[in-house]
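These are my notes from reading through a structure that was new to me. I wrote down each look-up in the order in which I made it.

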Amino acid sequence: MTVGELRRTPLHDQHEALGARMVPFAGWAMPVQYGGIVDEHRTVRSAVGLFDLSHMGEILVAGPEALAFTRYAVASDPGTLEPGQAQYSMLCAEDGGIIDDLIVYRTDEGYLVVCNAANRDAVVAHLEALRGRGDFDTRLEDRSDRTALLAPQGPNAAALLADLTDLDLGALGYYRSLRGEVAGIECLVARTGYTGEDGFELFCDARRAPALWDALMAAGERHGLKPAGLGARDTLRLEAGMPLYGNELTREVNPYEANLGRVVKLEKGEFVGRAALASVQQTGPQRKLVGLVMRDNAVARGGYPIRIDGEEAGVVTSGTASPTLGEKIAMAYVPVAAAAPGADVEVIVRERPYRAEQVKLPFYKRPRPEAG
Amino acid sequence: MSSTHPDDLRYSKEHEWVRVDGAQATIGITSFAADELGDIVFVELPEPGTRISQFGAFGVIESVKAVSDLYAPVSGEVTELNEALRDRPELVNSDPYGEGWIARVSLAEESGLDGLMDADAYRESTAG
C-alpha cells in the first residue's frame, strides 16, 4: 500500500504540523514519533504524553439483548459491569484462539467494544455473524469512523484534564468512565490506558478531534505535555507487561498461555470458545508467556528463537531496550515446564546464543502513594 | 538534532563517514542516517584485529524499532571500538561526528577512499 492509499485520522494535519514521522500501520498513516521515541517514552513516565488512537475500532452493541449478546461474544463477564465501568476482555474463536483483545465499556447506550485497528473488520464481521446465528435482539453500530480517540497518559494527565473539565476526576477510578465536556467538547472520558501510568482515553466526535487535540496541547504546556507516537506506545506497554495483538496474542494463542486466564469467566454460562477454554484450564496450557531480561548484551526481538538446555524451545514475541529500566527486555513463550522466574534461557540473535533471565511481569509498575 | 556534514570528512552512499589521519581512519554514521534510524539503542561491532572490506556489512546498529547493517566505508583492519557506545549508544544520535564515532581502522593499501564522496557531493545526495 502506498502512503497515498493509507487512511488518515482526523488529526493528520496536527501530526504533520508537529513534524511527526508518519508510518503505515494497519492501513492507516500514523505517527511513530515526533521528537524521538525515548524522549516521548520518558515524558509519559514523568509528565504526560498525548496519543492519537483514532484508528482503533469502536462498536456499540445496543438493544434489549445487548448484555446477553456481549456476554456470549466475549470471554469476560460484562454482566458484572456497573454503569460507566469497563473491563479488559477478548473475543475468542470456537477453538479458544484469540480473535482480538479489547475493552468493553458499559455506557448509557449499551456496551461499547473498543478493538485494535488491525482487527476492526474481523471483529465487526465476527460479531455480525454471531448476532445473526444467535438471533439476538440487538443492533451493532460500527462507530469507528465517527469516533476519534485521544489519550493523555502520565502522572500529570489528571492535572491537565482538570484544567479543561468540570468532571470530578477524583471520583473517576481506574477502568471507569463518565460522559462530560472536556474543553467544551462532548467526550466519553475513561480512566484506561496502555502505558502503565495513570491516564485517560477520551472518545469524541471525529469532527471535534482537532479542537480537542489543540486544547490539550495548549493546556498541556504547563504540565510538560508532549505528543507521543506509536513507537513510545509500544515501549511503554512492553515495560508494563501488556500484550500486543499480533505479537503475544494471535489466533493460535489461548488466554491461559498469555497469562490472561483471570479474564476468562467460565462460570458465567455459555459463550464462544467456552468448551475449548474449559479444557485448557483443566489440563493447563502447554506454553507460557514470560518476561526476559537480557544478561548478555543484545536486543531480543519478536521472532528470535529461544533455546533451553541446548534445544530450541520457544520464541520471543516482543523485545526492546527499556528506557526506564536501562536494560534489554523481552516477552517470550516458553514450554510451561521451563517457565520459572530466575531461570536462564538463551535467545538466538543472528545465529548466536545470548543469555537471558526469566522475570515476573510486569517489568515496571508505577509508583503508588503510600496507603494512608 | 542534525548537524551539518563536516567538510573534512569523506562519505559513503550508505551514509557512513570517514575521518582520515595518515594511515588510520575513524568511521561513523552520518547525522542523516542517525536521524533516519531514530534513537540508537545498540551497536554490534567486530573485535579489533578483524579485517573489513569496503561496502561489506561489518556490524549492526539497532534503533528502538529496527536492526540495520553497518557497511564498511573503507577496507582495512579494525584497531579500536568506541567503548562509550556500550553504555551510551545515544551518543550516535547526539554527536554522530564526534563522541558518537564507531570504530578506528588502519587503512588497507587499497582502502577505496577515493571512491567516497566529499562533503558537497554527500550534501547534494541527501538533499530533497
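I took helices (H or I, at least four residues) and strands (E, at least two) as DSSP runs, numbered from the N terminus. This is a predicted model, in which local features need pLDDT of at least 70 and side-chain atom pairs count only at pLDDT 80 or more, while totals for chains, interfaces and linings use all residues. Residues are numbered from 1 along each chain as its sequence is written, and chains are lettered from A and ligands numbered from 1 in the order in which they are written.

**Entry 1: helix H4 of chain A**

I began with the length of helix H4 (residues 120-134) of chain A: its 15 residues at 1.5 Å a residue should span 21 Å, and the end C-alpha atoms are 21 Å apart, which agrees. The expected span here is 1.5 Å times one less than the number of residues.

Next I looked up burial, where a residue is buried if 20 or more other C-beta atoms lie within 10 Å of its own, exposed if 12 or fewer, and partly exposed in between. The buried residues of H4(A) are A:Arg120, A:Val123, A:Leu127 and A:Arg131. They cover an arc of only 65° around the axis (taken from the directions from the helix axis to the C-beta atoms), which puts them on the same side of H4(A). An α-helix has 3.6 residues a turn, so residues three or four places apart point the same way.

On the face of H4(A) turned away from the buried side I found the exposed residues A:Ala125, A:Ala129, A:Gly132 and A:Arg133. The cover over the buried residues of H4(A) includes helix H3 (66-73) and the strands E5 (57-62), E6 (86-92), E7 (98-107), E8 (110-115) and E9 (139-142) of chain A. After H4(A) comes A:Asp135, which has a positive phi near 55°.

**Entry 2**

E6(A) and E7(A) pair in the antiparallel sense over 7 bridges, where strands count as paired if DSSP finds at least two bridges between them. I noted one pair of partners: A:Leu91 is bridged to A:Asp100 in E7(A). The hairpin has 5 residues between the strands, and A:Gly96 takes a positive phi near 90° there.

Which residues does A:Asn254 touch, not counting residues up to four places away in sequence? They are A:Gly96, A:Gly97, A:Ile98, A:Leu277, A:Val280 and A:Pro285. A:Asn254 is found in the loop between H7 and helix H8 (274-283) of chain A, and it counts as buried because it has 28 C-beta neighbours inside 10 Å.

Chain A is divided into domain 1 (3-54 + 146-239) and domain 2 (286-359), with bounds that come from an automatic or database domain assignment. Their centres, taken over C-alpha atoms, are separated by 32 Å. The contact takes 7 residues from domain 1 and 7 residues from domain 2 of chain A. On the domain 1 side, helix H2 (37-46) and helix H7 (230-239) of chain A are the elements that give two or more residues, and H2(A) has the largest share, 4 residues.

I then looked at H7(A) and found it mostly covered, with 9 of its 10 residues buried. Its buried residues pack against H2 and the strands E2 (21-25), E3 (28-33), E4 (48-52), E17 and E18 (328-335) of chain A.

**Entry 2: the two chains, and the sheet of chain B**

Between the chains, 10 residues of chain A are in contact with 8 residues of chain B. H2, H7 and strand E17 (311-321) of chain A each give two or more residues to the side that touches chain B.

In chain B, 6 strands form an open sheet in the order E1-E2-E3-E9-E8-E5, with antiparallel pairing. Strand E1 (10-11) and strand E5 (51-52) of chain B are the edge strands, each pairing on one side only. E5(B) is joined to strand E8 (residues 76-81) of chain B by 2 bridges, and B:Ile52 has B:Gly76 as its bridge partner in E8(B).
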